[in-house]
Amino acid sequence: MLTEPKILEIKGLNKNFNGLKAIFDVSFDVEREEILSIIGPNGAGKTTLFNLITGVFPPSSGKIIFNGKDITHLKSHQIASLGISRTFQTQSLFNSLTTGENVLIGCKNPGGVGFFKAGLRLKKCKKDEFQSLKRAKEVLCMCGLERKISWPIGSLSLRERKVLEIMRAIASEPSLLILDEPAAGLRGREIDELMDLILQIKRKGVTIIMVEHQMDVVMHMSNRIVVLNYGVKISEGSPQEVSQDPAVIQAYLGGDFAAIT
Amino acid sequence: MKRSLPILFIFLAVIIFPFVLPQSYQSYGLMVLTFVGIYVIILMGLDLILGYCGQIAMGHNGFFALGAYSTAILSQRTNLPHILIIVLGILSTCSVAYVIGVPTLRLRGFYLALATLAFGSVVYSLLVGYSELTGGYTGIRNILPFTIGGYSFDTDVKNFYLIWLVAILALLLTLNIANSRIGRTLKAVQENEVTAGTLMINVNRTKIRVFVLSSAYASLAGSLYAHYVGFICPSDFTLVITVQLFLMLFIGGKGTIWGCLIGALFFKTLSEFTASAEQFELALQGILFMLVLILMPDGLMGRARHIAEMRHAKAK
């Protein structure tokens, strides 16, 4: 029997920005339906890594393989169509659109609706509007935002915006979801609710890669952790393994502290 | 049905307008409103690229000229049906827009504005310079009125109806686009191209398509303009036209489609009064533009929407 390929394989990835090595020879695999966290001090290259995977800019060298398909040099919209969806570290909702429309933007376009079909309001376009709206409502119901479907983004709380961004990302039913600091700025119960939501998404068979600075969240949620420092992978393993790795302790707490312990 | 109500209203207004106009103002009033119709057509294309997609395209005087001159030249030198000539004009304008759009739409903000501005100037220089075809500064005279199936639109009233019929059809088309997935896509591209890309939107293709589509509106308006006025020359297609288009769009409110109608109507009516200021007319328009940008950046339509939203919020 053929074994299913890994959902994501990163092979010897490099990214230089004018000589600065933002990512240096990073390799790791992502297993199906796991939550993989990527941690590291500020400037470690976590967001750069996400930008490389989602095609925001191309790597200097190395390979990214998604479901056995080489996506290294694809454009971001092509990568998204293959089933990789993401959120951003900074707020990236569209302020000129309503809550519902933000989710609609994330919905697939199976009818291939373009200017022509939309302009003449052909059957396919009406069908697309109907189906997309149905999907958007479904997604908003998952997080209790369905009541606010026609609200402007400006009137949502930070928690709601963070949640909405994830909802927009999953509207296209991706197989891999990349979350860049989903809990940033949230507190206590808000974080717990968000984690429940992420676990709920995972249970639907979505693989999740996440960058997060709240360590309790990372330790609690992750199946595995990859640690980056100055663009280099310094550790990989289960939360227990990583938290006891001397290289990780050194990177986070500094050499002196590591020497004392 | 809610959406088609205002269109029905406009349709009826257009039909009865020539009848309610006092006899002494008949030809003057019709002329002003016919020009409004022509501007509305170009403006809707401009609103899609500028108001919705956020690309500062300043070469629409060039596309307008291409439509007008293709109609003028082909209708004088060939016996092709006028409708076919208009379509040919649109197709060739779109091809030109595609060729200049592919490299320039990679530019952003300022740079795109300058590149498209340069395009408009190039078209103007060609109209002046390539005089065997275009008649140079003196332009082209005696362009026949639009004729279809032997029926000629040779009076003011007929032209008024023709141009507003086209404008209303274009309005329907544009509203359909604006209220669909495409409208949302364009707004997403305007706000954040990187985010749009990660949401399966092909940003470059979207920008090029909307640019080409918006050039088609300008070309169509140019063709109708040539048939209606009967005489065109390069000075009808200078940068001033683009500036006036921007002014109308900003007065009406960009990114609303309806703002195109309001803006064109307001501006043309107003400029009938400011025309008496003669050489200071442009200066007055410039001051008006500044005032609009400072006091009412969302335009009349944006204001109206804002007020409606406030009322709605209060009612809650």
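Q: What area is buried between chain A and chain B?
A: About 2700 Å², with carbon and sulfur atoms giving 64%. Buried area is the accessible area (1.4 Å probe) that two parts lose on being put together, summed over both. In chain A, the residues that lose the most area to chain B are A:Phe94, A:Ile105 and A:Phe115, together 27% of what that side buries.
This is a predicted model: local features need pLDDT of at least 70, side-chain atom pairs count only at pLDDT 80 or more, and totals for chains, interfaces and linings use all residues. Side-chain values use heavy atoms, with hydrogens and water left out.

Q: What makes B:Arg181 and A:Asp128 a salt bridge?
A: Their side chains meet at 2.9 Å, N to O. A salt bridge needs a side-chain nitrogen of Lys or Arg within 4 Å of a carboxyl oxygen of Asp or Glu, so the pair qualifies. Across the interface of chain A and chain B the rule finds 2 salt bridges.

Q: Why are strand 6 (84-86) and strand 10 (232-237) of chain A at the edges?
A: The 6 strands of this open sheet in chain A run in the order 6-7-8-3-9-10, with mixed pairing. Strands (E, at least two residues) are DSSP runs, numbered from the N terminus. Strand 6 and strand 10 each have a single partner strand, so one side of each is left without a neighbour in the sheet.

Q: How do strand 7 (residues 176-180) and strand 8 (residues 207-211) of chain A pair, and over how many bridges?
A: They pair in the parallel sense over 5 bridges. Pairing requires that DSSP finds at least two bridges between two strands, so these two count as paired. A:Ile178 stands opposite A:Ile209 in strand 8 of chain A.

Conventions. Residues numbered from 1 in each chain as written. Chains lettered and ligands numbered in written order. Helix = DSSP H or I, 4+ residues; strand = E, 2+ residues; numbered from the N terminus.
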